[in-house]
Amino acid sequence: MSPSNPSDRRESQPLRPTTKVLTQGFDPTLSVGSARPAVFRSSTYVFPTPEAAERAFDISSGRAQISEGEGTDLIYSRFNHPNAQILQDQIVNLEADATAALAFNSGTAAIMTSLLTFLRPGQSVVYTIPIYGGTQHFIQDHLEKWGITGIPVFGWRGDLIASAIASAPNLGAVLLETPANPTLIMTDIREVCANVGALKIAKGETRPLVMVDNTMLGPAFQHPLSLGADLVMYSGTKYLSGLSDMLAGVVLAKDASLIKKIAPKRSLFGTILQPDECWMLTGRLPTVELRMNRQSKNAQRIAEELAEHPKAERVYYPTLFSDPDQKRIYRAQCDHPGAMFSLELKGGKAAAFDFLRHLQIAMNAVSLGGVETLACHPKTTTHSGFTEEEFAQAGVTDGLVRVSVGIEHWRDLLSDFEQALDAI
Ligand SMILES: *Cc1c(COP(=O)(O)O)cnc(C)c1O
């Protein structure tokens, strides 16, 4: 749907993501002229001739190369289907510097499929902690058993990350999650990419990939591909879909050949997102930036007010960071602070539970990124698998409550938090 005469538009002004996502990557003629995509729920696709079927299988299995101008024929929906294609073509518009994307049936499936594509037995993967529990579980309890060594490093210790990258045996990938849950610890993506770029690579070996879980601030406020990362990964269950009503995952890259390598593994594992969910997520994309901006503004207003409250020991939020290095990373790397904050309450677990019990607008639930405000107690829920040492390192205390701020009016939310604090 590019303008009929591109010179009508002011020359050389590239379109911005919010415009591109509404005007590029969807061809209405392939959906009988419908202005918004149709849903194609079929599990299998009809070939015009047996020769076309043979050709489609030759191309999809890699026995033949697709020629210029030849469309890939659809075969079977575990491999590919029109709604995944539409979603992928649309979401690349939102991620700065992305040229290709893949849709998955959860964030965990996206991370798992990517790691299994690029890592081999005998290799190692350096990853920041704290990291999403499922990701840590997959690396520690699954990849380790398949001969891949996981090397956890504190996300705020750039020096330790640099030495782990330099010394890791057969480093295959570096996986960052920034900011990290629940205290919003940030890692300098550009610095990590520079450290990986500085590694001496033997002939015939490939450079380790830098993968960033961008769920918390992307695609609106943080742009890892522009900072040198190879893959950006999302739990689409969170801000991308935004209504807490579906599971999804996405992987994007600047170098489309990386995405081409992951796609056959997605076909094999069956981790593609189903057509209905692809259609739902596609419809949410034009409002991601609107929602995230409103959520971030709300969160900032509330977090900064609550930081003054006598019952709050401490509020974790990027604009309230005190560590100079964390402040520096936040300023350099993030356009806005985002919609997550954590509240350290005086009075430990009893106070945290009292607070959660008395909330009237915010709901006591895990997950994040939806338009409705959610609050949870990380120590007994999302992070309950941690050891005592990990609790201490990650700042997950008895009195910590994590909040994901939605799009309600911030004054109503603030009153709700204040009355719940008063009830402790
Ligand atoms: C939720 C989440 C995941 C896992 O995503 P699912 O869609 O639940 O599989 C991974 N990383 C982060 C940062 C998350 O918040």
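Trainee: At the start of H11, which backbone nitrogen does a side-chain oxygen of aspartate 323 reach?

Mentor: Please bear in mind that this is a predicted model. The side-chain oxygen of aspartate 323 comes to within 3.1 Å of the backbone nitrogen of aspartate 325.

Trainee: Which residues of helix H11 are buried?

Mentor: One takes buried to mean under 20% relative accessible area, and exposed over 50%. In H11, which spans residues 324-333, Gln326, Ile329, Tyr330 and Gln333 are buried. Viewed down the helix axis, these buried residues fall within an arc of 100 degrees, so they line one face of H11.

Trainee: Which exposed residues does the face of H11 turned away from its buried side carry?

Mentor: That face carries Pro324, Arg331 and Ala332. On the buried side, the cover includes helix H7, residues 189-197.

Trainee: Let us turn to the ligand. How do the residues of its shell divide into nonpolar, polar and charged?

Mentor: The shell has three nonpolar, six polar and three charged residues. Among those surrounding the ligand are Tyr132, Glu177, Ser235 and Lys238. Helix H4, residues 107-118, supplies the largest share of the shell, with three residues.

Trainee: Which ligand atom lies 2.7 Å from an N or O atom in the side chain of aspartate 213?

Mentor: It is a nitrogen atom of the ligand. Taken alone, the ligand exposes 380 Å², of which the protein buries 94%.

How values were computed:
Residues are numbered from 1 along each chain as its sequence is written. This is a predicted model: local features need pLDDT of at least 70, side-chain atom pairs count only at pLDDT 80 or more; totals for chains, interfaces and linings use all residues. Side-chain values use heavy atoms; hydrogens and water are left out. A residue is near a molecule or strand if one of its heavy atoms lies within 4 Å of it. A polar contact is a pair of N or O atoms within 3.5 Å; within protein, one must be able to donate a hydrogen and the other to accept it, and residues adjacent in sequence count only if both atoms are side-chain atoms. Accessible areas come from the Shrake-Rupley method with a 1.4 Å probe; for residues, only the protein chains shown count as cover. Helices (H or I, at least four residues) and strands (E, at least two) are DSSP runs, numbered from the N terminus. Ala, Val, Leu, Ile, Met, Phe, Trp, Tyr, Cys and Pro count as nonpolar, Asp, Glu, Lys and Arg as charged, and the others, Gly among them, as polar. Buried means under 20% relative accessible area, exposed over 50%, partly exposed in between (1.4 Å probe, protein chains only). The arc is that of the directions from the helix axis to the C-beta atoms. Contact means heavy atoms within 4.5 Å.
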